[in-house]
Amino acid sequence: QTLRLFRRQFGNFKTSKLEPLQKRTIHKRSNEGRSGRSGEKFAEAEASPLQEEGKLKKLFMIGILGPFAMYVPYALYADWFQVQLCLTELKKPKHLPVPDDFFSRADEEQFIRSIFSQTPDRICIMTGPSDSGKTTLLNQCLSGRRFLVKLDLREHSVSCVNDFVRYFIECVHAQFLRARTWFVDLLPVYGAENWEMKYNLKVYDLEQALSCLTDAMLSARRQMPDSEWPVIFIDEFNALLDFAHARDGHQLLQAVLTWAVHVTKELHLAHVVIGSSDSFVLDKLHEFEGLQGRLRYLKVGYLTRQQSITYVRHHLPALSDADVLRVVERLG
C-alpha cells in the first residue's frame with residue numbers, strides 16, 4: 001500500500017528524464033569556462049532535480065523503516081508485555097455500582113458467593129425476568145473483588161462483531177491490539193485502506209485477546225488464595241444473538257463459548273457468568289456443540305412474599321402492619 005501511494009504521488013519522476021541532466025552535472029566539474037558565482041548557480045540549478053530525487057528516496061526509506069524499527073522491539077516482547085499489562089489491571093479491585101437502598105437478599109447472596117469460592121467446573125447462566133434484580137444482586141456479590149472482568153452489554157451497546165471485539169479489548173486491557181492501531185497511524189496510508197486496517201476487527205483479534213486474558217489469569221492464579229478465583233461476567237448476553245445469524249457473528253459466539261468451556265471445565269481457571277433476561281438465550285445455547293452438561297443455571301426471580309413485606313417495612317416505616325400487607329397484596 002505504501003509503494004502504491006508513493007508511485008501515485010511521485011510517478012512522474014522518471015530516472016530516464018534525469019539522465020541528461022546528470023551527465024551535464026558531472027561534466028561541469030571538468031568545464032574550465034564556468035567559474036565564479038554564475039557557474040555555481042548553474043550547477044545548483046542542474047543538480048536540483050537529482051537532489052530532490054535523493055530527498056524523496058530518503059523520505060521513502062524513513063517512511064518504510066521508521067515505523068518498522070519502532071515496531072520490531074515491541075513485537076519481540078509482545079506476548080510478555082501484553083500479559084503483564086492485563087495482569088496489572090486484573091489485580092486492581094473493581095467497584096461495581098450498587099444502589100444505596102439495595103435490599104439484601106441474604107439467601108441468594110450466600111448461594112452465589114459459595115459458588116464463586118468453589119473450583120470452576122461449569123459456565124454459570126443467570127436468568128430471570130426483567131427488573132428482577134439479577135445484575136444488582138451480582139454486582140453486590142462481586143463489588144470490591146480483584147481479578148474481575150465485567151462486560152456490560154446493556155450500557156455498552158454492540159451491533160456487530162467489530163463493536164464487541166473492540167469493547168472486549170478495552171475491558172481486558174489487551175494493549176497489543178491497541179498498538180496495532182498506533183502502528184497503522186504511522187503508515188502513510190489514508191482513506192479506505194487505513195480504515196480497513198485499523199478499525200475492522202475480526203474474530204481472530206478476539207481470539208488473541210482471549211488468549212492474552214487466559215495467560216494473565218494463569219499468572220494471577222499463582223498469587224491468589226485457594227478460595228478466590230477470577231470471574232468473568234457478561235451481562236445481557238442476548239445482545240450477541242442479534243447478529244448471530246451472520247457468519248462472523250456465529251463464529252464470534254462459538255469462539256466465546258469455546259473459550260468459556262476451556263477456562264472452566266478444562267483448566268478450572270475462572271468462573272464465567274452469563275446473564276440474560278431473555279429465555280431465548282437458553283434455547284440458543286443448546287444449539288452450540290460442546291455445552292451439554294457444562295452449564296449451571298441460576299434463576300433469580302422476584303422477591304418472595306416475606307421479602308416483600310420486609311422491603312415495604314424498611315422503606316415505609318410509618319405504615320401499620322395491616323397497611324403493609326395491603327400494599328404487598330395489591331402490588332405483589
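Analyst: Among contacts (heavy atoms within 4.5 Å) in the protein chain between residues at least 6 apart in sequence, 79% link residues at least 24 apart. Bear in mind that this is a predicted model, where local features need pLDDT of at least 70 and side-chain atom pairs count only at pLDDT 80 or more, while totals for chains, interfaces and linings use all residues. Numbering runs from 1 along each chain as its sequence is written, and side-chain values use heavy atoms, leaving out hydrogens and water.

The chain has 332 residues, and 41% of them count as buried (under 20% relative accessible area with a 1.4 Å probe, protein chains only; exposed is over 50%, partly exposed in between). You'll find 14 helices and five strands, taken as DSSP runs numbered from the N terminus (H or I, at least four residues, for helices; E, at least two, for strands).

Let's zoom in on the sheet. Its five strands run in the order β2-β3-β4-β1-β5, it is open, and the pairing is parallel (two strands pair if DSSP finds at least two bridges between them). β2 and β5 (295-299) are the edges, each pairing on one side only. On average, neighbouring strands are turned by 15° against each other, ignoring direction.

α11 lies against this sheet, touching β1 (123-127), β3 and β4 (271-276), and its direction makes about 140° with that of β4 (axes are lines fitted to C-alpha atoms, for helices over the stretch in contact, with angles from 0 to 180 degrees between N-to-C directions).

Since five of the five residues of β2 (148-152) are buried, the strand is largely enclosed by the rest of the structure.

Back to α11 (residues 247-266): α7 (residues 161-172) packs on it at an angle of about 30°, with the axes 10 Å apart. The two helices are therefore roughly parallel (angles under 35 degrees; over 145 is roughly antiparallel, 65 to 115 roughly perpendicular, the rest oblique). V161, F164 and V165 of α7 meet D248, G249, L252 and V256 of α11.
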